[in-house]
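Dear colleague,

I am handing over the structure we spoke of, with the sequence alongside. Please look through it first, and then read the notes that follow it.

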Amino acid sequence: MMIHMLFDPFINCGYMRRAIVACCVLSISITPIGNFLMLRRMSLVGDVLSHSILPGVAIGYFFSGMSFMIMSIGGFISGLMVAILSTWISEKTLLQQDASFAGLYLGSLAFGVVLMSLHGPNVDLLDLLFGSILSVNLLNLECIGIISTITLLTIALFYRALIIETFDPDFLRDNNIEASRCIQIFFLSIVMLNLVASFQVTGTLMSVGLMMLPGLSARCWVKSLIHMLLLSVFIAFFCSWIGLIGSFYMFLPAGPTIVLCGSIIFLISVLFGRNKGILFSVYNRK
């Protein structure tokens with residue numbers, strides 16, 4: 001009975017098969033990016049950038065309706081502008097980068113909501129904000145696959161540079177500030193690519209959930225970076241599977257359910273994780 005409950009929705013429903021494929025392909029690329037954000041102490045930057053894509057998505061919606069390709073291009077441009085402007089502001093003023101991000105993303109989010117309201121009341125706004133993974137089509141899957149491939153190739157080619165920039169940014173900044181700035185902008189561009197790919201799955205407001213929560217959970221169990229990357233991808237797979245199953249049987253929105261599953265796994269990891277989990281540490285002291 002349990003086996004049938006876990007597999008029948010994906011066997012019998014084409015939209016469920018497309019949804020799980022989209023989640024799995026996206027998880028392979030978006031969770032390693034989330035790990036690097038976490039290790040660079042930029043976890044909330046992902047949330048900022050996920051909000052900043054809304055104006056570009058809204059403008060793309062004006063020109064093409066619910067065209068995933070056009071909205072993704074608009075969202076990428078919008079988010080990249082916020083990333084570049086925040087870096088420039090932090091260099092030219094006394095504000096730290098997190099402060100400049102906060103100032104820009106709040107305006108971007110408000111501007112995006114205003115743009116959508118000018119189009120008139122439309123339930124499609126909910127799809128943009130919270131995702132519509134069950135309506136993923138083959139074109140969406142192709143776009144997500146291309147972005148995931150680009151991300152994996154980029155991580156493989158620039159893995160060493162990302163490691164240096166992550167664990168010893170002062171070394172690179174002192175020796176070659178231009179290279180450090182280029183790596184940072186390049187890394188934020190990859191973050192933006194994955195966020196625009198995931199907004200179809202979990203929406204612009206929650207797209208960072210699948211990016212950050214698996215990595216945060218994996219950090220509580222393992223110490224090695226390679227093991228953390230692999231475990232975070234597995235956790236993202238698991239949350240996607242359980243989230244889709246739960247949404248199917250309980251008639252819940254799929255994207256938020258997946259993120260909620262990730263949050264539950266995160267809380268369990270914080271409590272019982274072998275890498276300084278709260279209850280695990282208390283038990284070892286006894």
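Is Arg41 buried or exposed? Arg41 is exposed, with a relative accessible area of 82%, where exposed stands for over 50% relative accessible area, buried for under 20%, and partly exposed for what lies in between (1.4 Å probe, protein chains only).

Before going further, please keep in mind that this is a predicted model, in which local features need pLDDT of at least 70 and side-chain atom pairs count only at pLDDT 80 or more, while totals for chains, interfaces and linings use all residues. Residues are numbered from 1 along each chain as its sequence is written, and side-chain values use heavy atoms, with hydrogens and water left out.

On confidence, the protein chain has an average pLDDT (the predictor's confidence in each residue, from 0 to 100) of 83, and 90% of the residues score at least 70. Where pLDDT is low, the predicted coordinates should not be read in detail.

The protein chain holds 14 helices and zero strands; these elements are DSSP runs numbered from the N terminus, with helices being H or I of at least four residues and strands E of at least two. Of its 286 residues, 49% count as buried. Residues 24 or more positions apart account for 75% of the contacts with a separation of 6 or more, a contact being heavy atoms within 4.5 Å. The chain exposes about 14,200 Å², of which carbon and sulfur atoms supply 73%, the areas coming from the Shrake-Rupley method with a 1.4 Å probe and, for residues, with only the protein chains shown as cover.

The unreviewed UniProt entry places the feature "transmembrane region" at residues 20-39, 59-89, 101-118, 138-162, 182-199, 229-251 and 257-273; its positions are given in the numbering used here, feature names are shortened, and annotations may be inferred rather than shown by experiment. In the model, residues 20-39 are 100% helix and 0% strand, with end C-alpha atoms 28 Å apart, and residues 257-273 are 94% helix and 0% strand, with end C-alpha atoms 23 Å apart.

Not counting residues up to four places away in sequence, Val191 touches Ile33, Leu37, Leu49 and Met211. Leu49 is also among the buried residues of α3, and because seven of the 10 residues of α3 are buried, that helix is largely enclosed by the rest of the structure.

Ser72, in helix α5 (residues 68-92), counts as buried at 9% relative accessibility. Leaving aside its neighbours within four places in sequence, Ser72 is in contact with Val196 and Phe199.

Arg41, in the loop between α2 (14-39) and α3 (43-52), has a positive phi of about 60° although it is not a glycine. Phe251, in the loop between α12 (225-250) and α13 (254-272), has a positive phi near 55° and is likewise a residue other than glycine; at 74% relative accessibility, Phe251 counts as exposed.

With best regards
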